[in-house]
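Student: I would like to go through a structure and ask what stands behind each label. Could you take me through it?

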Amino acid sequence: MEHIVIIGNGISGVTAARHIRKLSDKRITIVSAETDYFFSRTALMYVYMGHMKFEHTKPYENWFWKKNRIELVKGFVKNIESNSKKLHFSDGRILSYDKLIIATGSKPNKFGWPGQDLDGVMGMYHKQDLDNLEKFAPNNKVCNRAVIVGGGLIGIELAEMLHSRHIPVTFLVRESSFWNGVLPKEESEMINREILKSGIDLRLNVNLKEIKSNENGTVKSIVITETGEEIACNVVGLTAGVSPNINFLKGSSIELGRGVKVNRFLETNINDVYAIGDCAEQHEAIDQRRPVEAVWYTGRMMGETVAQTICGNRIEYKPGHWFNSAKFMDIEYQTYGWVWSKPKENEARFYWEHESAKKCIHINYDKKTFEFIGINTFGIRMRHEFFDKILTEKRSIEYVLEHLADANFDPEFYKLHETKIVAKFNKENNTDIQLKKKNWKRIFSKA
Amino acid sequence: MKIIKKSGLLLFLIGLALFIGTIFTGTFSLNQSELDDFVKEKGYKSEIIKVELEKAIVTTEDLNIFKFSSRIRNAYKTSNDYYEALIAKYDAEKNWDKKGEQYQYKIYGKPHSLSFTLAKKAGKGLVVENTGLLWFLTFGLGIIGALMFIIPDVVLLGKPGIKNDGIFLNTATNRGWIGWSAFIFLVSFYILLYFYPDLIVNWVYLVDPISESISGNPASQWFLYGFLYCVVMTVMAVRMYIKYRHNKYQILRTTSVLFFQIVFAFLIPEILVRFEKPWYDFKNAFPLDYDFFFKWNLDELLSSGGFGLFILVWGIVLTIIIVPIMVYFFGKRWYCSWVCGCGGLAETLGDPYRQLSSKTLLSWRVERIVIHSVLIFVLVMTGFALYTFFYGADQVLGIKTQTIQDIYGFLIGSIFAGVIGTGFYPIFGNRVWCRFGCPLAAYLGFIQRFKSRFRITTNGGQCISCGNCSTYCEQGIDVRAYAQKGENIVRSSCVGCGICSAVCPRGVLKLENGPEKGRINPTDILLGNDVNLMELVNNK
C-alpha cells in the first residue's frame, strides 16, 4: 500500500490527510514535532486569555485519528533523503515514504536584533510560545511590562492577550500607522485609535535597536533606535511577520526560495514530494496573491487540492477570489476581493464610516467601468457567498450597493446602516441608487 | 469600582449566610384550639393522630424546625402504624369488613409535606415576627449585593464586545472550588425544596406578604420558588445586559425570557388564583408540563367552567398547533431561548457556566438516547393518564397509572429537571435538563431538524477552526465541526441562543430563517477554492 507521509500537523497537513483518506485507502502518517494532536493555531490566544482550554483548540477528538487510520508520529525531521525516499529524525529514527507532503508552516521572523534569543523573548506562533508566555507573563506581578515588536495581525493579538491579564504593553510599530502596508489609511487609523483606547502604549515609526539582558540572561529592557529610549520590560514579543519553516530542508535536493518552491500542482522539483500551506512558495504568484501565503484558509485549500493530485486526479491549485478576516481587539474585519492600501491608477474608492468610528466599509472599484474590485468591512459582517458571486459575475459597485441587504451577515436585530451608506454614495457620485430589500432567492442562487 | 464590586460580593455573601441561617431560627408549636381546627379542617378520623399531634406540638417547649418536623412525622407514623397493624390483623383473621373499615383512618401524603402544612401554622419568633426586616436582610442584601457586584462591570469589562477573559482561569467558572460550592448549594436547595419543604418553612414565611398581596393567599414553597426564580433571573439578566450590550439579539432575547417568566409563569397564575381560577402557566406547553393530562388536572379544569375549558383547549392547541408552526418558521429557539422558564434560568443564572457542557461525540450519543427515552416515557404515561381519565380504570395492563405518574414526577420532574437540571449548572453547563431531559425539547427538535426554516448559516470559507463557537455552545454542539466544513448547522438540539455567532471572531455564523431548500448543505470543499474542484467534489 502506498505510504503518504505528511510533515506538519497544522491545517494544511491535516486537511490533506483527511481528504486523502476520503479518496483512498492509502497508508497515511502525519509527523509533528510540536504537539501530539492537531490544534487550531489561531486559537492559542484564547487559551492564554482564558476563553478556552487547550483541549478546546483541537478540532477533532483524540479517537478521530485511529478511527480514520491516520498514524501520528511525534518527532523532529532532521533531513530528507529524497533518492531513497527516507526521513531521518533527530533522534535517529528513520521513516520511509512513497509520497511526501511538506506542510511545516511558518516560524516567526527574527532580524538579528541583539538579545533576540534571551529568555523572555518569544514569538506567538507555536504551542511552545504559549507555554513560554505562560511562564514569563502569567500576570502583571511577574511581568510588569511587555514590549511587542512588529505591527501585524499577530502583534495586535499578542497585545490583546497580554492586556487581558492587565499587563502593560508597549507596542512598537515600524510603520507610520498600524498595518498600513495592507490597510488603507482610514481603516489603519481606526485601528490605531482602537489600540490606544484599549490602554496600549502604541508607538509608531519606531524600530527595535536591541534587547538588554539582566544578569540571569533574561530580558531587562529594550532600546528604541530612533529615540534611544530604554523601556524596562520582562517580556518581548517578536511579531514582525513569519517566514516558511524550512531550515531542515537546507542541504537537501529540494529547491528552496523563501519557501519550498512549488508549481501550480504543488509539486516540488523532486518527484513525489509536495509542499503546501505557509511553507510553500509558488514560482509565479497566482493572480494578485503573494507567492507565499501564510493564511489559514489557503493552507486548507492547498490540502484539499494536493489530496486530489495524490489520489490520481492531478489538479492545479486555483484559489478563488481573495478573502480574509481578522479581529482587532473588539473590531471585526472582513475583506472580499482586493482593497489595496493605496488605490491603483484605474481604481476609485468609496468610504463610509459610522459615527461611532468603530464601523466602516471601504469599496474599491474601477474608475471607468465601475466594476467592483473589493471591499473592506469593519464592524459589519458580510456574506462571503454574496461577494464571491459578485466578483465572479464582475458586477458593478452600483449593483453591490443596491444589494447590500443581501450582503449583510450581522446577527438578527442589529442596526443596519445600508440606507446611510447608499445615501452617502449617491451624494458623492450624483447617482440615484435605490437599496433593494433582502431577497432569499437572490442570496441562495448560485453564480 | 473594584471596591463597589468587592463590597457587593460581601453584602451578597452576608445575605446568603443570613438566608441559610434563618432555617435554624424560630420556634414551632400550636395551641390546642389551633390543632383542633387543623384536624377538623383536614377531616382526620383517626383518634390516634389527634392525641399524638397534641403530645408532639401542643407544648411550651422551644421546638426548632428540625425537632418539630421529626415529632410530627413520628405522630403520623404512630397513627398509621397503628391502623396498619389492625389491617394486618384483620387480614389474618379474614375479617374483611373490619379490615376495610380501617382504611378511612389512614392518613395519606408525604410526611414532610404534612409537616410543612403544620409548620406554616406553627411558626413563631424571629422570622415570623420580623418578616419585613428579615426579607431585607436576606433577599434585600442578596439583591443589592449581587447588583453591586455586577453593575461595575459596565466599566470594569471595558468597551462593549465579547468579554470572556479569564473564564477558564476562574474557579467559579472552570469547575474550581467556587463552582463546586455553588453546585453543592444548588443541589441542596432543590433537595430541600422538593423533598424537605418543612425544613425551609422560614424562607416561605419571608415571602408571605408578597404572596398575599398578589394572590391573597399565604405562600407555599412553590410560591417561594417562583419568586426566587424571578429574582435570580432579573438580577442575572442585568448581568446579561451588561455583558452583551453590544449584541441586540441577546438583549431582546433576555428581555423576552424575563418577561415570560415574570408575567406568564409568576404573576398571571397567582392572579388567576386570586380570582379563584386554576393556577395555570399559559406558556408552559405539554409535555414539559407533564401533568397537564393527569386526571386531577383535567377534573379541575373541567370543573372550572368556561375558563377551565379555555385552558384545556389552549393547552392542546399550544402543543399541537402553535408550537410546531412557530418552530417551522423560527426554529425551536422561539420557545427554548425566548419564552421557556427553564431556558430563561439557563440563559441568565446559567450563562456563566455555558462553556462547561461536554462536546464529545459520546455525550451526543447519550443525549439522544436519554432525551428520547424521556419523551417516550412521558407519552406512555400520558396514555395511561388519559385511559384512566376516560375509562375510570386506575390501572392499565396491571400497572397503576398513579405509580407511573409518581415515578415520573419523582425521577424526571424533580430529580432530573430540578436537582440535576439546575443543580449541575456549575459542573456540566447550563442546559443539562434542556439537552438531556426535556421531552418538549425533544419534540421541538424533531421539527427543527426535519421541517423548519431555521439554520445557523456558515459564512463560506471564513472559519479558522478556533473553537470559540463549540466551547460556548451550552447544548454541547460541536459547532466548529460544521463551520470549518462550510456547512450550515441544522441540529435538533440547537436552542438558538446565538452565542456561537456572538463569540465568533471572524463573523462566520448567523442564525437565520430562510427557505428550506439548501438549508442542509453538506460540503467537502469550501467556498473560496477552485470553482471546478468545488463542483467536482461537492456534486459527486
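Tutor: Gladly; we will take a few labels in turn and set each value against its definition.

Tutor: This is a predicted model, in which local features need pLDDT of at least 70, side-chain atom pairs count only at pLDDT 80 or more, and totals for chains, interfaces and linings use all residues. Residues are numbered from 1 along each chain as its sequence is written, while chains are lettered from A and ligands numbered from 1 in the order in which they are written.

Student: What makes A:Lys85 count as partly exposed?

Tutor: A residue is buried with 20 or more other C-beta atoms within 10 Å of its own, exposed with 12 or fewer, and partly exposed in between, with C-beta atoms placed from the backbone. A:Lys85 has 19 C-beta neighbours inside 10 Å, so it is partly exposed. It sits in the loop between strands S4 (77-81) and S5 (86-89) of chain A; helices (H or I, at least four residues) and strands (E, at least two) are DSSP runs numbered from the N terminus.

Student: How do you know that the span of helix H5 of chain A is close to the expected one?

Tutor: The expected span is 1.5 Å times one less than the number of residues. H5(A), residues 153-164, has 12 residues and an expected span of 16 Å, and it reaches 17 Å from first C-alpha to last.

Student: What makes H5(A) mostly covered?

Tutor: Of its 12 residues, 11 are buried, including A:Ile154, A:Leu158 and A:Leu162.

Student: Which bond in chain B is a cis peptide bond?

Tutor: The one joining B:Phe286 and B:Pro287, with omega about 5 degrees. B:Pro287 is in the loop between helices H14 (248-274) and H15 (295-302) of chain B.

Student: How many residues of each class make the contact of H19(B) with H20(B)?

Tutor: The axes of H19(B) and H20(B) come within 9 Å. Their contact has nine nonpolar, three polar and no charged residues. Nonpolar here covers Ala, Val, Leu, Ile, Met, Phe, Trp, Tyr, Cys and Pro; charged covers Asp, Glu, Lys and Arg; the others, Gly among them, are polar.

How values were computed
Axes fitted to C-alpha atoms, helices over the stretch in contact; angles between N-to-C directions.
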